[in-house]
Amino acid sequence: MEQFQIETAQNISIGQNTAHLGDRMLAYIIDSFIILVYLILSVLLLISMGVDAGDQWAFYLILNLPALLYYLLLETFMNGKTIGKSLMNIRVVKLDGSRPGFASYFVRWILRIVDVSLTSGGLAVLTILVRGKGQRIGDLAAGTTVISEKQRVTLQDTLLRELPEDYRPKFPQVTVFKDAEMQTIKELYDNAKRNGNHQVIISLSDRIKEVAQIVTDLKPIDLVDVVIKDYNFYTQQL
């Protein structure tokens, strides 16, 4: 799983984890199976209705519009997800961290013909491996990628942070916070970084500066990170 940095409109750099290629392939298999089942059911429906042979193609085309537009419709109305993507906890996002618009989803959908359908996904896989950032041709054209929303539990998911031996704290005011409060700050901060929610980080930064009476030119994402480290430094000295 590769991590890349996005730069938001507020000049905040946020790390994102690109979706693992295996997760994307499994999501594709799930979605393809759903589409296949739908197509089979539509054929059985036409047969059961006893539609004249001359009219079957017209009915077939109408019935299969949802299958044709599957990716476009679901990604548009499910915030960058399809059923397969939802099950694999991955979704489509813009490289700047914002939510893709219909035009972005449309570009990805139309270019799916080139890098997925015509090449059985081979071109998409090659592009993802070569380019990095989890982008196939459709993503490159639309300025999007696919990220993983799976939560990985590590030492960083606890309140404690590993600090270098020569670490020098910047804000002694952080001791005004209680352990429970700092734990909440850290959880909100880590989740916001993971999901690219820069507005949460800005709100956290503003609240911290207000409560601890901190005056600084640090970016919100840097300030919250330093405050968490400083709190760990002072509490570990007790």
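Which residues does Arg 24 touch, not counting residues up to four places away in sequence? I looked this up before anything else. Arg 24 touches Ala 19, Ile 90, Arg 108, Ile 128, Gly 134, Gln 135, Arg 136, Asp 139 and Val 146. Contact here means heavy atoms within 4.5 Å.

A note on the source. This is a predicted model, where local features need pLDDT of at least 70, side-chain atom pairs count only at pLDDT 80 or more, and totals for chains, interfaces and linings use all residues. Residues are numbered from 1 along each chain as its sequence is written, and side-chain values use heavy atoms, with hydrogens and water left out.

**Helix α1**

I placed Arg 24 in helix α1, residues 21-49. Helices are DSSP runs (H or I, at least four residues), numbered from the N terminus. Arg 24 counts as buried because its relative accessibility is 14%. The cut-offs are under 20% relative accessible area for buried, over 50% for exposed, and partly exposed in between (1.4 Å probe, protein chains only). I listed the buried residues of α1: Asp 23, Arg 24, Ala 27, Asp 31, Ile 35, Ser 42 and Leu 46.

Next I checked the span of α1. The expected span is 1.5 Å times one less than the number of residues. After α1 comes Gly 50, with a positive phi near 65°.

**Helix α6**

Is Ile 113 buried, exposed or partly exposed? Ile 113 lies in helix α6, residues 102-117. I found Ile 113 partly exposed, because its relative accessible area is 43%.

I repeated the span check on α9, residues 179-195. The 17 residues should span 24 Å, and the end C-alpha atoms are 24 Å apart, which agrees. Buried residues of α9 include Met 182, Ile 185 and Tyr 189. Gly 196 follows α9, and its phi is positive, near 70°.

How do α9 and α10 (residues 198-212) pack? Their angle is about 150°, and their axes are 9 Å apart. That makes α9 roughly antiparallel to α10, a term for angles over 145 degrees. Axes are lines fitted to C-alpha atoms over the stretch in contact, and angles run from 0 to 180 degrees between N-to-C directions. I noted the contact residues: Ile 185, Leu 188, Tyr 189, Ala 192 and Lys 193 of α9, with Val 200, Ile 201, Leu 204 and Ile 208 of α10.

Methods: Helices (H or I, at least four residues) and strands (E, at least two) are DSSP runs, numbered from the N terminus. Angles under 35 degrees count as roughly parallel, over 145 as roughly antiparallel, 65 to 115 as roughly perpendicular and the rest as oblique.
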